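Visitor: Please give me a close look at one part of this model. I would like to start from a single residue and see what surrounds it.

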Amino acid sequence: MAQADFNENTFARLINIAGRQRMLSQRVGFLSVVLNARHTGGPTDRLPTTDHQLDMLKAAADDFETGFKILCEGDKDLGLPHWECAEVAAILNGRNGLKGHAVIDRFVSETRHTIATLEAGKTRRPNELEDFSTFVLTDTLAVLQKIVGALEADFQAITATRDEQRTLEIDRVRTAVQDIQRASKISRMIALNAKISATRAGSHGTEFRALTDEIKKISDDITQSSEDIIRFLNIA
């Protein structure tokens, strides 16, 4: 799908995926803390089982990586092409100081490390876990928020451009219809004058008079259709 083919639905889906990344990153941070607390005997009596939460952590990690890949590359099977957003590229490549790819890579790496550690029946050191939680709530969320903002800004810019283009096209159509209306009015006047002349010609103008009636009918139909188009344009 070309850039020009992006519509509101496509943008909404991409923005939704980008927004979901924020939620998933926070879920990963929360579950990492909870699961490590279970292994160290933390107060978790009211929480689901460790296996269930570990599955939730794995699912959140998988969903995050899948969503991020879609944002970077698109997904043809889902009908979601890659949107070449210059600002997103700047965020990910570090041209604005965020170094987004490095942040996301660290987030994914640490998440996978946490999962592997828990699956081995071990826990991460408290200072490591605290550092990771802080990293999620600051650097990771900052990058993801910037990506969402960049996509929303692109959507607004594209929408504004399309609205301007649509207004110009409507104005051109309205001008063309008005030209047609003027031509139709002139045709009606010519048909009327021709009918008068045909009437004066008596029996010799019978066929010509029928022709002028048909021309007037066609002219009236054109006028009516053009008025319908003007009303539609005014509503649109």
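Guide: Asp-63 is partly exposed, with a relative accessible area of 34%. By the cut-offs, buried means under 20% relative accessible area, exposed means over 50%, and partly exposed lies in between (1.4 Å probe, protein chains only). Before we go on, note that this is a predicted model: local features need pLDDT of at least 70, side-chain atom pairs count only at pLDDT 80 or more, and totals for chains, interfaces and linings use all residues. Residues are numbered from 1 along each chain as its sequence is written, and side-chain values use heavy atoms, with hydrogens and water left out.

Which residue pairs with Asp-63 in a salt bridge? The partner is Arg-20, and the closest N and O atoms are 3.2 Å apart. Arg-20 sits in helix H1 (residues 8–39) and Asp-63 in helix H2, so the pair ties together parts that are 43 residues apart in sequence. A salt bridge here is a side-chain nitrogen of Lys or Arg within 4 Å of a carboxyl oxygen of Asp or Glu. Helices are DSSP runs (H or I) of at least four residues, strands are runs (E) of at least two, and both are numbered from the N terminus. The general idea is simple: side chains of opposite charge can pair when their charged atoms come close. Arg-20 is partly exposed too, at 35% relative accessibility.

Stay on helix H2. Gly-67 lies in this helix, which covers residues 50–73. Is Gly-67 buried or exposed? Gly-67 is buried, with a relative accessible area of 6%. Arg-20 comes back into view here. Gly-67 and Arg-20 are 47 residues apart in sequence, yet their C-alpha atoms are 8.2 Å apart in space. Leave out residues up to four places away in sequence, and Gly-67 touches Ile-17 and Gln-21. Contact means heavy atoms within 4.5 Å.

Glu-65 and Arg-112 meet through their side chains in a salt bridge of 2.7 Å, N to O. This pair links distant parts of the chain, with Glu-65 in helix H2 and Arg-112 in helix H4 (residues 100–119), 47 residues apart. Glu-65 is partly exposed at 32%, and Arg-112 is partly exposed at 31%.

Now go back to helix H1, where Ser-25 is found. Ser-25 counts as buried, at 0% relative accessibility. Its side chain has a polar atom 2.7 Å from the backbone oxygen of Arg-22. What does Ser-25 contact, leaving aside neighbours within four places in sequence? The list is Phe-64, Phe-107, Val-136, Thr-140, Leu-141 and Leu-144.

Compare a pair from another helix. Lys-217 forms a salt bridge with Asp-221, and the closest N and O atoms are 3.3 Å apart. Both lie in helix H6 (residues 206–235), four residues apart, and that separates them by about one helical turn. Lys-217 is partly exposed at 45%, and Asp-221 is partly exposed at 40%. Elsewhere, salt bridges that share partners join Arg-106, Glu-110, Arg-124, Arg-125, Glu-128 and Asp-131 into one network.

Step back to the whole chain. Its secondary structure comes to six helices and two strands. From the N terminus on, the elements run α-α-β-β-α-α-α-α. Of the 236 residues, 33% count as buried. Among contacts between residues at least 6 apart in sequence, 74% join residues at least 24 apart. The structure holds zero disulfides; a disulfide would be a pair of cysteine sulfur atoms within 2.5 Å. Cys-72 is partly exposed at 24%, whereas Cys-85 is buried at 5%.

How far can you trust the picture? The chain averages a pLDDT of 84, and 89% of the residues score at least 70. That score is the predictor's confidence in each residue, from 0 to 100. Confidence is lowest in H6, at a mean of 78, and highest in H4, at 95. Over residues 42–49 the pLDDT is below 50, and this stretch has nine contacts in the model beyond near neighbours in sequence. Where pLDDT is low, the predicted coordinates should not be read in detail.

Key:
Polar contact = N/O pair within 3.5 Å; in protein donor to acceptor, adjacent residues only side chain to side chain.
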